[in-house]
Amino acid sequence: MKIRSLLTTTAMAAVTSLALFGAAYAANPVLKIGFVGVTSGPAAAWGTSNVRSMQTLAKMINDAGGEKIGDKTYTIQIVTFDDQKDPKLSIAGMEKMAQEGIHYVVGPNVDDGAAAVRPVAEQNNIIYFPYAFPKSLYVKPASNAVLGMVANYQSAPAIYKYLKEKKGIKTVAFVAANESDPLSQRDGGVEAAKALGLKVVSSDVTYQVDTTDFTPVLLPVLKTQPDLLVLSGVAPAAAPQLIRSARELGYKGLISTETAQDAKVLQEGAGKLANGFISVGGASTPEIASDQMKKFVATYTKMFGEYNDESNTKVYALEYILDTLKADPVAINDIKSFKAEMDKFTAPNPYMKGNEKLSYVGMTSFGQKRQISVPLVVNVFKDGKFDTLLVARVD
Amino acid sequence: MEQIVVNGLYLGAQYAVIALGLTLIFSLMNVLNFAHGQMYVLGGFITYTVVSQFHLPYIVGLVTSAVALAVIGALLERFLFRPVIARSKREESTMLLAAGVAFFLDAVTLLIFGEKQRGIPKIINGVLNWNFIIVMPYDRILIGVLAIALIAGFIVFMQFSRSGRAMRALAQDRMAAQLMGVDVDRYSMIGFALGAMLAGLAGGLLVSITGVNLGMGGPTSIKAFMMIMIGGAGVISGAIAGGFILGMMESVGLTVLASYGDITYLVIFASLMVFLAIRPQGMMGKPWG
């Protein structure tokens, strides 16, 4: 009897919740935006911060009454698909988006997934925003992928140049996980370092993604005594352990990466040993965060219990999609219009103080505007939080 | 060379603790527990929560992990594995069930503890530095010693306690043990709980060094299976030997083979294939099971 009563109550609660949700947004047509990426397994952190950023922004918009695009106000609905970092599932996810009539998708999170979905996206008129760096995705004849962040071959030269000029580094060592993304980022970093006249003293050492003890991995690298140790494409889970092992082995030089990190993860995993660690971030440091960014962080924290600093960069993709659609409402169902709008699109950047602008870039790297302009904010970790080291712009 | 040996011993000690629980469950119930790595991760997250969220001493976190995983292990045995073993004679039934439990625990861990890497503050600060011949942080030394103490305690328990003797009898011959009056259901449950508890303790120990994240479960299970394949499935001493051998191979490989790229595990897997082709029962296992 008790079980039946519990089931009845649960079912009624569920129906009531659905009815209330439907009623709340019933007046508006729904605009579906997709996400295909990894939200489970070892790399869950990457996609989860994507999805949560999108859901947070969608909630903020919907709570404010919806997004006005042309003469209609839309309720934003995020449709998600976990590809488990498997390219076959990425394809299945993109096909699902096509079946739902979705034209704008954020993801996938890794190189092979982003490459795998390209034919599906092109055949089904989907514009997608991968977090993957291979240039072939963004140079012609490819035209449906838009890079959702700053690539390491764009950020690395800026960081190394700064460290060479300001900190006097002369030698660099690279260590990367034995996976396509970190390895390609390492190769890009080595190229950038050499171009700046820095001596690369070690770049062969790699480690398994599931490594838990980095002391043996780092021993041969640190014997080369580099001024700068670059953790190429390091996942947030591995960064604190690598830093901790390097410092415990007596390494005194600089440590950097070109991926986004989370301050709490660094603090918990490495504590004070992570002080001075340089990474790429977004716009949440107090010096540059706007009120909108602060509101986003607060809403995210309220929704999910804890903010993820990786979302500083991942908040942008959905913002770009919606703002571009606002600039040309026809693009809701016509990606040709969206592509045409990308060439001339510009709007205020709501997440940074000052007169920063949103625009599509990529002419230098890809020969066409297939990258969102995210501020290249380089952070340095200190006592549990990030301080802004430098802010640069990419094209 | 000294540093390589010390790294290998440290890795071996932690691997052996992980493998012990897996081989115990296999020896008692013939169950390949694919969820062992997920239990390890859960143990790590529980210790993290107790220490970092509730600000309680590390030892409380360890005990909580041990107790929680023992209870989870006992419940899994009583309500999932025991009925399946009773109803199905096919070994793959329990394998599929274990795989299902692994996915379930992954999902529950993501829901409760989130997607982020977690870690606790260092238990002891400082690094032992012997003229740069051996460099080892004190907390690693402590965890290594604790792991070895845990292994020793487990061996003593299995050798000299009534429950340990009953479980050894069960592992040798289930039917004979039953005929001799051993309560098979009871000791199967105790054994499964003990195996899960060892996984949780290993997670709790290592969260202070390596931290813990959702994705560690699968790879941990794979390594644990490698260890018991090397040592011999279902043999306690084999699991310990397998753990230390894998730790030493990893330490030597990562140093000696570093200049050839990331081929350490390629070499380990290739060696394991050759070894198993010659001796499929592992170092200390028996060909008849």
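Trainee: In which loop of chain B is Asn33(B) found?
Mentor: This is a predicted model in which local features need pLDDT of at least 70, side-chain atom pairs count only at pLDDT 80 or more, and totals for chains, interfaces and linings use all residues. Residues are numbered from 1 along each chain as its sequence is written, chains are lettered from A and ligands numbered from 1 in the order in which they are written, and side-chain values use heavy atoms, with hydrogens and water left out. Helices (H or I, at least four residues) and strands (E, at least two) are DSSP runs, numbered from the N terminus. On that numbering, Asn33(B) is in the loop between α1 (2-29) and α2 (36-53) of chain B.

Trainee: Is Asn33(B) buried or exposed, and what is its relative accessible area?
Mentor: Buried means under 20% relative accessible area and exposed over 50%, with partly exposed in between (1.4 Å probe, protein chains only). Asn33(B) counts as buried, because its relative accessible area is 0%.

Trainee: Which residues does Asn33(B) touch, not counting residues up to four places away in sequence?
Mentor: A contact means heavy atoms within 4.5 Å. With that exclusion in sequence, the residues touched by Asn33(B) are Leu22(B), Ile25(B), Met39(B), Ala98(B) and Phe225(B).

Trainee: What radius of gyration does chain B have?
Mentor: Chain B is built from 11 helices and two strands. The radius of gyration is taken over C-alpha atoms, and the globule rule is 2.2 Å times the number of residues to the power 0.38. For 289 residues that rule gives 19 Å, and chain B is close to this, so chain B is as compact as a globular protein of that length, with a radius of gyration of 19 Å.

Trainee: What is that share for chain A?
Mentor: In chain A, 58% of the 395 residues are buried. The accessible surface of chain A is about 15600 Å², and carbon and sulfur atoms account for 55%.

Trainee: How far apart are the centres of the positive and negative side chains in chain A?
Mentor: Lys and Arg count as positive and Asp and Glu as negative, while His and the chain ends are not counted. Each charge is placed at NZ of Lys, CZ of Arg, CG of Asp or CD of Glu. With 42 positive and 39 negative side chains in chain A, the two centres are separated by 3 Å.

Trainee: Which residue in β14(A) is the bridge partner of Tyr360(A)?
Mentor: Strand β13 (residues 357-361) of chain A is joined to β14(A) by two bridges, and the two run antiparallel. The partner of Tyr360(A) there is Ile372(A).

Trainee: Which turn residue of the hairpin of β2(A) and β3(A) has a positive phi?
Mentor: Three bridges join β2 (residues 67-69) of chain A to β3(A), and the two run antiparallel. Ile69(A) has Lys72(A) as its bridge partner in β3(A). Two residues lie between the strands of the hairpin, and the turn residue with a phi of about 65° is Gly70(A).

Conventions: Pairing = 2+ DSSP bridges. Areas by Shrake-Rupley, 256 points an atom, 1.4 Å probe, with all protein chains shown as cover.
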